2 protein chains.
Amino acid sequence: MHKGDPISMSVIRRLPRYYRFLSELQQNGTVRISSRELAQRMGLTASQIRQDLNCFGGFGQQGYGYLVNHLYREIGTILGLNHIYPTILIGAGNLGRAVATHMAFEQRGFELTAIFDHSKRIIGHKIRHMVVQDIATLTAYCQTHSPQVAVLCLPKDSVQELAETLYDNGLRFFWNFSHYDLAMKFEDVIVENVHLSDSLMTLCYRITNAPEKE
Amino acid sequence: MHKGDPISMSVIRRLPRYYRFLSELQQNGTVRISSRELAQRMGLTASQIRQDLNCFGGFGQQGYGYLVNHLYREIGTILGLNHIYPTILIGAGNLGRAVATHMAFEQRGFELTAIFDHSKRIIGHKIRHMVVQDIATLTAYCQTHSPQVAVLCLPKDSVQELAETLYDNGLRFFWNFSHYDLAMKFEDVIVENVHLSDSLMTLCYRITNAPEKE
DNA sequence: TAGATTGTTAATCGATTAACAATC
DNA sequence: TAGATTGTTAATCGATTAACAATC
């Protein structure tokens, strides 16, 4: 790990977890913490924590440790949570509605600005403070509002159909709950996949192949 | 990688993805596929695919490749999808309801048998074919039905409160959507976490730190 | 048989852990 | 100053890729 090297995905994916633990420590009123103690709480090694943090800069003090509040805010900045990326959600079925209502987009760098669906039964319904719009009006919406991020809560086939349209309307960032592999189709796109089925199957594997405890 | 070594998490987490791609190929009517072609479609190397599969056995034929249908079923068996682990879901808020209705538990090795919540407003409602039960009756339910897996769709604090009870009722396998770190609390427990917020923050990082394309 | 592609061993690459000098 | 703990370099470990003999 030398300065200027791109940060590895392994490190990036640990950042939100650090952020969570620090948030908790802060709420407990903990002022400082050493890498050793944080490591113990998180089930990591102190070395790893120091390596991870030093990808972004020296946030600690030798002989003292890290200031919880300071580190918390630093990681928030690194994650880019101070941004407000305008975001649309497509697919207001069970999952889409849950994501729309459940997620604290504003605290994670996003602002959910519109929801689309193609089902007549759903269009017009209110979710949070938003009226579900007809997917047919998507292009018009994009031209006036230029959303940057799309949350995809549609079945695979619908996403496949829609992919081109989304791309043509300038969307390059996707939070993808479908099983359609967007990243394979477009080069210059950033896709964060949430594959719930994969997660469930992984659990099944782990249960099935768990060491017997008798 | 020697025979008898435990399979690494990296390999395990790729299995559901293989399973998905093979399912698709099967639906297309593709009979055989080489590691090279599958690799190309999935954005992996042929080497990796052969290494991964050979953790579990030799499923191919030299000079020919893999039979799609055969490999698909083999991976299903490896994943343990033929099981029917009795599963309860706790927390019937937006997310819990979406998970309950959206997931094909039966095709992933599970059977959802009961749903619990503590809110008077939700208890008694029907989700799928199930009536949401009072969380106060959880212990009684566990004693009669012995569920093995719990899906946790509660806020962090509720899970924290509930953890002991679940453990005492014999539950050792968890699909955890909350931010509470069960794996830290109990030794002999298998927890598959789905941290949607972490995923969203990771996306935020990747957008914020994406290479400029001007 | 010749061509193709696997299964498997060896080489490389990257990520984690250990060690320690720097320094608060 | 002495003790503690960081930042950083070096060592280890594991995962991915390359190479190739085995064989269909």
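This is a predicted model: local features need pLDDT of at least 70, side-chain atom pairs count only at pLDDT 80 or more; totals for chains, interfaces and linings use all residues.
1. Three strands of chain A form an open sheet, and their order is β1-β3-β2. The pairing in this sheet is antiparallel. Strands β1 (32-33) and β2 (60-61) of chain A stand at the edges with a single partner strand each, so one side of each has no neighbour in the sheet.

2. Pairing and packing around β3(A). Strand β3 of chain A, residues 65-67, pairs with β2(A) over 2 bridges in the antiparallel sense. Within this part of the sheet, A:Q61 stands opposite A:G65 of β3(A). Helix α4 of chain A (residues 68-79) packs on the sheet, where it touches β1 and β3 of chain A. The direction of this helix makes about 75° with that of β3(A).

3. Extent of the interface. Contact between the two chains involves 62 residues of chain B and 62 residues of chain A. The area buried between chain B and chain A is about 5700 Å², and carbon and sulfur atoms give 69% of that area. On the side of chain B, the residues that lose the most area to chain A are B:L200, B:M201 and B:Y205, which together account for 13% of what that side buries.

4. Polar and charged pairs across the interface. The rule finds 8 salt bridges between chain B and chain A. A salt bridge joins the side chains of B:R17 and A:D181, with a distance of 3.2 Å from N to O. Across the interface of chain B and chain A there are also 22 residue pairs in polar contact, with both residues at pLDDT 80 or more.

5. Composition of the chain B side. The elements of chain B that give two or more residues to the side touching chain A include α1 (9-28), α2 (35-42), β10 (190-193) and α9 (196-208). Helix α9(B) supplies the largest share of this side, 13 residues. By residue class, the side of chain B that touches chain A divides into 35 nonpolar, 15 polar and 12 charged residues.

6. Salt bridges in the whole model. Over all chains, the count by this rule comes to 20 salt bridges. One salt bridge is formed by A:R172 and A:D188, whose closest N and O atoms are 3.4 Å apart. A:R172 lies in the loop between α7 (156-168) and β9 (173-176) of chain A, and A:D188 in the loop between α8 (182-185) and β10 (190-193) of chain A, so the pair ties together parts that are 16 residues apart in sequence.

Note on methods: Residues are numbered from 1 along each chain as its sequence is written. Chains are lettered from A and ligands numbered from 1 in the order in which they are written. Side-chain values use heavy atoms; hydrogens and water are left out. Two strands pair if DSSP finds at least two bridges between them. Helices (H or I, at least four residues) and strands (E, at least two) are DSSP runs, numbered from the N terminus. Contact means heavy atoms within 4.5 Å. Axes are lines fitted to C-alpha atoms, for helices over the stretch in contact, and angles run from 0 to 180 degrees between N-to-C directions. Buried area is the accessible area (1.4 Å probe) that two parts lose on being put together, summed over both. A salt bridge is a side-chain nitrogen of Lys or Arg within 4 Å of a carboxyl oxygen of Asp or Glu. A polar contact is a pair of N or O atoms within 3.5 Å; within protein, one must be able to donate a hydrogen and the other to accept it, and residues adjacent in sequence count only if both atoms are side-chain atoms. Ala, Val, Leu, Ile, Met, Phe, Trp, Tyr, Cys and Pro count as nonpolar, Asp, Glu, Lys and Arg as charged, and the others, Gly among them, as polar.
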